[in-house]
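Good morning, and thank you for coming.

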Amino acid sequence: MGVLDHEVQRLQDIVSGLEHRIEKLEQRQTGETKPTEGVRMILMGPPGAGKGTQAPKIKDKFSCCHLATGDMLRSQIAKKTTLGREAKKIMDAGGLVSDDIVIGMIKEELENNKECKGGFILDGFPRTIPQAEALDKMLEAKNSKLQHAVELQIDDALLVARITGRLIHPASGRSYHSTFNPPKDYMKDDVTGEPLIQRSDDNAEALKKRLLTYHAQTSPVVGYYKNTGIWKGIDASQEPGQVWKSLLNIFDGDKKKSSILSKLTGQ
């Protein structure tokens, strides 16, 4: 980092400190406590677009919770919550869990999961416009409106090439690729030396069906968030590090919106 970079960082730290003091003074003046700043976002993208790579980075940066629909359902069922018991009955009968139950689970996580104090990343929900509308209604009631709906965009043909060569270490979830990121030893995990596997649905035919379903479901939801003004698209064909930089640019935009200049001008 050069002298200029150090000076920029120093000034940014000063601005951040002043903003924090202004917020504290505003709270003392009004007697109101503002919600903790964090990230409130939906992360969208087809299978293999890189959500599993980027979501942990966002979680670490903001100390927030990552609410993936499937994981959340399993967690609620395991904890035997009221919603978990309801969901289990429906799933055991072969039915689909209702939107109300999923929204209720998200609300329960936001209220009781300590990780969610720094915000949340929603992954796998909403998948329809009615779900998006119900989610917005619930979040508005909590004064926690969504900031971003980020879509990781990538060509289907490239996804097929990525997914069909994917290799997984089942115990840890570490992933490799036979072409782009091969293990040091053929079909063996770099850390443990244990065998790698290829998931049964990581084949071209299965992936194409999943992509058709994804696009059919997601296109209307993308349109919904474009209309609300919070949608952002990121080129997910880039290297993961560059995708992360694109995400950081989006988050940095939030800081600019809440800068001291904005406070002084009221814009």
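I shall take the sheet, then the helices, then the annotated residues.

This is a predicted model, in which local features need pLDDT of at least 70, side-chain atom pairs count only at pLDDT 80 or more, and totals for chains, interfaces and linings use all residues. Residues are numbered from 1 along each chain as its sequence is written, and side-chain values use heavy atoms, with hydrogens and water left out.

Five strands form an open sheet with parallel pairing, in the order β2-β3-β1-β4-β7. Strands are DSSP runs of E of at least two residues, and helices runs of H or I of at least four, numbered from the N terminus; two strands pair if DSSP finds at least two bridges between them. At the edges are β2 (65-68) and β7 (231-235), each pairing on one side only. Strand β4 (residues 148-153) is joined to β7 by five bridges, and L152 has I234 as its bridge partner in β7.

Turning to the helices, α3 (residues 69-79) lies across β2 and β3, where contact means heavy atoms within 4.5 Å.

Finally, the UniProt annotation "binding site", from an unreviewed entry, includes R166 and Q238; such annotations may be inferred rather than shown by experiment. R166 is in strand β5 (residues 166-168). Beyond four places away in sequence, R166 touches residues including S175, Y176 and D202. Q238 is in the loop between β7 and α9 (240-257). Beyond four places in sequence, Q238 touches R162, V243 and S246.

How values were computed: Axes fitted to C-alpha atoms, helices over the stretch in contact; angles between N-to-C directions.
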